[in-house]
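Reader: I want to talk about aromatic rings today. Can you show me the structure?

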Amino acid sequence: MLSEKKITPGEKKLSLPMLDNPVTVRIKFCKIGTLQFVSHLDLQRTFHRVLVRANIPMWYTKGFNPHAKLVFGLPLSVGTESMCEMADLRIERKIALEDIKNQLNAQLTDEMYVLDAYYPTTKFADIAYADYTITLKAPNIDENSALKATSRFMLPIMMMKKSKSGEKEVDITSFIKKIEFESKDGCLTAKAILSAGSADNLNPEYIVTALRECEELRNDLSDLTYRIMRNKVYDGYLVEFK
């Protein structure tokens with residue numbers, strides 16, 4: 001009796017019916033833990049390899065150097081964690097969205113995994129703001145630290161900010177839509193909504209730097225460690241971006 005031939009994942013992918021036209025699928029994923037130190041360029045390279053290993057039926061450009069169409073929204077700075085990273089990929093064969101999620105997660109880790117896969121109705125250019133939680137830990141933080149931090153951000157804060165055209169001095173508070181502070185159990189927590197569009201963008205590291213340079217907080221923030229988490233992104237009307 002002949003044994004039944006085992007179908008490989010690659011053969012299974014090729015057996016999927018072709019679409020009349022390629023479609024875009026948006027994946028939402030997290031990037032946390034030690035993977036916060038992976039650069040955006042390395043993330044792009046990693047995801048291209050993961051898509052191949054996961055046997056996702058990607059659409060490839062034509063010509064001498066075919067490559068998969070993969071676009072990331074709002075690149076994440078090194079040292080920042082996120083629960084709301086997004087990437088658009090184009091597929092050329094009919095496959096269930098849940099299968100895309102599961103096949104990708106089978107190749108990913110506990111520190112980077114897909115939260116959702118869906119057909120997008122928005123463009124990454126519509127992103128205008130990002131919601132961050134910045135947690136600073138130091139032995140001298142007490143309940144008064146939140147009041148000191150709040151007063152620091154009630155006045156203009158002039159800092160040198162990098163842009164495509166070079167460095168210039170700007171008031172970073174003009175890029176802050178909302179910020180609130182809480183101090184508890186040796187931690188000073190900032191919950192902030194910052195500009196995150198293609199034109200106006202504020203790296204949350206500027207918030208940490210501003211706090212460190214505040215004379216009233218200098219003793220509170222000695223021996224400082226901190227963590228930055230991006231929770232959500234919004235459009236210009238502060239509606240959660242999807």
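Author: A definition comes first. Buried means under 20% relative accessible area, exposed means over 50%, and partly exposed is in between (1.4 Å probe, protein chains only).
Reader: Is Phe47 buried or exposed?
Author: Phe47 has a relative accessible area of 0%, so Phe47 is buried. Phe72 is buried too, at 12%.
Reader: Where do these values come from?
Author: This is a predicted model: local features need pLDDT of at least 70, side-chain atom pairs count only at pLDDT 80 or more, and totals for chains, interfaces and linings use all residues. Residues are numbered from 1 along each chain as its sequence is written, and side-chain values use heavy atoms, leaving out hydrogens and water.
Reader: How many aromatic pairs are there?
Author: Five, from a search of the whole structure. Rings of Phe, Tyr and Trp (its six-membered ring) pair if their centres lie within 6.5 Å; planes under 30 degrees apart are stacked, over 60 edge-to-face, the rest tilted. One of the pairs is Phe29 with Phe72, edge-to-face, with 6.3 Å between centres and 80° between planes.
Reader: Where do Phe29 and Phe72 sit in the chain?
Author: Phe29 is in strand E1 (residues 18–31) and Phe72 in strand E2 (residues 70–73), 43 residues apart. Helices (H or I, at least four residues) and strands (E, at least two) are DSSP runs, numbered from the N terminus.
Reader: Which residues form one aromatic cluster?
Author: Phe29, Phe47 and Phe72.
Reader: New topic. What sits over the ring of Trp59?
Author: The charged end of Arg90, 4.8 Å from the ring centre. The rule: NZ of Lys or CZ of Arg is within 6 Å of the ring centre and within 35 degrees of the ring normal.
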